[in-house]
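Visitor: I am new to reading protein structures. Please walk me through this one, one feature at a time.

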Amino acid sequence: MDTILVLDFGGQYCHLISRRIRDLSVYAEILPHDTDLDKIEKISPKGIIFSGGPDSVYEPNSPKVKKDVFEFILKKKIPLLGICYGHHLIIQLLGGKIEPHERKEYGRTTLNVLHADSLFQSLDSEETVWMSHGDQIRQLPKGFKILATTDTCPIAAYENKDQSIFGVQFHPEVVHTLKGPVILENFISTIAQCKKEWKLGNWIENTINWIKQKVGPKNRVILGVSGGVDSSVTAILLHKALNDRLHCIFVNNGLLRKNEAEEVQERFKKKLGFKNFHYIDAEDFFLNKLKNIEDPEEKRKIIGHSFIELFEQTTKELEQLYPDIKFLAQGTIYPDRVETAATSKVAAKIKSHHNVTLPSNMKLELLEPLKDLYKDEVRKIGLKLGLDEELINRHPFPGPGLAVRCLGAVDKHKLDTLREADHILIEEIKKAGLYNELWQIFCVFIPVKTVGIMGDYRTYENICSIRAVQSKDAMTANFAKLDWELLDKIATRIINEVKGFNRVLYDITNKPPGTIEYE
Ligand code: XMP
């Protein structure tokens, strides 16, 4: 398939570049900036994009592309587009000059387009673009032409038509650059001449065939299902390809939301007719291990390890019954993989996030049908496969479940209290038609007792905090400005209906400095 390769120089918008290109029906893939030549040759990209990045190209340890890779691009005349840092790097590598500028340019800027052809075909003479840079090109190498300027940036875009090299100082991938999609379309279609082969409809058919071929006519596959979008879509694809040769394992760790265990089973067993759906009620197992554990990291670790232990044990039992089990499927999606391989130095560990990767000593071959998809693509595929919208649009729910929303040591009583309050909250938010407008909304159990009054009685109960955020990608988030009347209704219901809470707080912390979850 025709592919555009995005080399990652640490830019926060790297995924956005690749997503925008896929939205234009061309497959895009991200690799680290220092990827070896043989890997790039194997992909044989029709075009390459050097992403933006936080560094300055003249700093000694700034990220570079491998020398032989750059020579290969030049020799083969593979169309090349540099964005921001990438725009500078190309020029530096070819002998031009980059310097810091006394004024940083950040935000919306007017671009004066000097040549409305090739990369800028069908642009107007003035366009709004999004800038974020402190460095500038001072001098272009020979053979380069300036395509656009801004008031403070005399070389805001360039081209070298002979070499098929282009650069833009601004970010065509962000929505504030209004003609960004036109510029990317010009690059992938007119310049790199990619065929539009990335269509999700074809993807489903191809993937089902791929699974059938890979697994063969006899072998069986094991898949852990959580009830979330990724593992559900993986399950349905595998089921379509293999039918009852798919064995799903669904673990109730006692940290799920109200009715969740029943709903997930109902969906897979009854609605979708999965025969080999193995439900494991492990509430006691998990809660025993979590008894008196207060430290959040410790809680996360125990939950992760306990899950692996159970999963391994169940797999062994199933392997005894079905010796043809040869594959382990996972709902890994593209950002999971690319983040794991991230080159950037930024990843300071804040929480030991993320769902356990299963142990490498399992002798099963890994199957990851969603590994090249973004979340929104997974959602679209899910809808095409007939999954209900309610599941598709479900808010993210952390792997360690309610344990990270029930502060301090967890026990069944606290969890049940939290489940009841959370259920009321979600019910009211859905009734108000706001669920799909929020990234997440949930209750948190704060085990601090305060005094209240109910009727004629004094109460002494715990605090329920409501966390509601809006976000695009969970990297940053703003607390949602919910209506007072609605909050009033929710708080009143929680206090009246849930024994164990007598006070409700609304969390008005943004991320950063807060995180979305409490632990
Ligand atoms: P934080 O709390 O770091 O969360 O702002 C960012 C996003 O990640 C989700 N989250 C998790 N998801 N396993 C997950 O699958 C985890 O351990 C985990 N911890 C946090 C969180 O719900 C939010 O969407």
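**Reading strands, helices and charged pairs**

Guide: In strand 7, A148 is the residue that stands opposite V113. This is a predicted model, where local features need pLDDT of at least 70 and side-chain atom pairs count only at pLDDT 80 or more, while totals for chains, interfaces and linings use all residues. Residues are numbered from 1 along each chain as its sequence is written, and side-chain values use heavy atoms, with hydrogens and water left out.

Visitor: Which strands pair in the antiparallel sense over two bridges?

Guide: Start with the terms. Strands (E, at least two residues) and helices (H or I, at least four) are DSSP runs, numbered from the N terminus. Two strands pair if DSSP finds at least two bridges between them. Here, strand 5 (residues 97-113) pairs with strand 7 (residues 145-149) in this way.

Visitor: In what order do the nine strands form the open sheet?

Guide: The order is 2-1-3-4-9-8-7-5-6, with mixed pairing. Strand 2 (27-32) and strand 6 (126-139) stand at the edges. Each has a single partner strand, so one side of each lacks a neighbour in the sheet.

Visitor: How are two packed helices described?

Guide: By the angle between their axes and the distance between the axes. Axes are lines fitted to C-alpha atoms, for helices over the stretch in contact; angles run from 0 to 180 degrees between N-to-C directions. Helix 6 (residues 200-215) and helix 12 (residues 375-384) pack at about 75°, with axes 10 Å apart. They are therefore roughly perpendicular. Angles of 65 to 115 degrees get that name; under 35 is roughly parallel, over 145 roughly antiparallel, and the rest oblique.

Visitor: Which side chain meets E377 in a salt bridge?

Guide: Side chains of opposite charge can pair when their charged atoms come close. A salt bridge puts a side-chain nitrogen of Lys or Arg within 4 Å of a carboxyl oxygen of Asp or Glu. R22 is the partner of E377, at 2.8 Å, N to O. R22 lies in helix 1 (residues 14-23) and E377 in helix 12, so the pair ties together parts 355 residues apart in sequence. R22 counts as buried at 3%, and E377 counts as buried at 6%.

Terms used:
Buried means under 20% relative accessible area, exposed over 50%, partly exposed in between (1.4 Å probe, protein chains only).
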